[in-house]
Amino acid sequence: MIVSTTVALATLLFVAPADEHQLNTPPEGFIALFNGEDLTHWKTDNDAAEHWTVKDGILHYDGKGDSLVTAEDYGDIELYVDWKIGPKADSGIYLRGKPQVQIWDEPEIGSGGLFNNKVGESKPLVVADKPIGEWNTFHIIMKGENVTVFLNGEKVVDDVPLENWPDYDGPIPAEGTIELQHHGNPLEFRNIYLKELD
């Protein structure tokens, strides 16, 4: 299946680098999953609102409590996410409730890979992370079971099926939540933009 690299590159032309555009203002055709003010679009049960807080247009996670999960399910999508981590941090973006587009401090491997893949490619094609403590930008396209990931403008995953961890035998669900995952480390996110694809 060709997702289209053309569509992906075309969209990149409309979204400025992470530090150059107005915070939490989506490009045309996208919605802001994070509005820079509160947790609209996200589940706030359990203790999410206590540990996921907003300050100066940035979503801060204190390293405690649960991961943050969207209130709605999504199928085929195009997604932008800015993220920043500290030393030794480990995080990721779940797609359709399944892990994951990896975020971590592993300079020999890099972020963006489909970490839980068992059969298909799991590591990123190149290391494209910025230094720890700087903002990074994911551009993720999921169509069917296949995922393409750009990290800071470089393609790190090229149309690879996301495997259905932990079952593996069954197919990826047609729809599911998007999740900002954690392993007990403080994290920061901003500019989370989503477009549902036909």
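Tutor: Helices (H or I, at least four residues) and strands (E, at least two) are DSSP runs, numbered from the N terminus. Read along the sequence, the pattern is α-β-α-β-β-β-β-β-β-β-β-β-β-β, which comes to 2 helices and 12 strands. This is a predicted model, where local features need pLDDT of at least 70 and side-chain atom pairs count only at pLDDT 80 or more, while totals for chains, interfaces and linings use all residues. Residues are numbered from 1 along each chain as its sequence is written, and side-chain values use heavy atoms, with hydrogens and water left out.

Student: OK. How many of the residues of S5 are buried?

Tutor: 9 of its 9 residues, so S5 (77-85) is mostly covered. Buried means under 20% relative accessible area, exposed over 50%, and partly exposed in between (1.4 Å probe, protein chains only). Across the chain, 51% of the 198 residues count as buried.

Student: And which residues sit on each face of S5?

Tutor: One side has Ile77, Leu79, Val81, Trp83 and Ile85, and the other has Glu78, Tyr80, Asp82 and Lys84. Residues on both sides are all buried. In a regular strand the side chains alternate between the two faces of the sheet.

Student: Which strands does S5 pair with?

Tutor: Pairing here takes at least two DSSP bridges between two strands. S5 pairs antiparallel with S8 (residues 136-143) over 7 bridges, and Asp82 has Thr137 as its bridge partner there. S5 also pairs antiparallel with S12 (residues 187-196), over 8 bridges, with Glu78 opposite Lys195.

Student: Switching topic: what's the strand order in the open sheet of 4 strands?

Tutor: S4-S11-S6-S7, with antiparallel pairing. The edge strands are S4 (68-69) and S7 (98-104), each pairing on one side only. Inside that order, S6 (residues 90-95) and S11 (residues 179-182) pair antiparallel over 4 bridges, and Tyr94 stands opposite Glu179.

Student: Where is Glu72, then?

Tutor: Glu72 is in the loop between S4 and S5.
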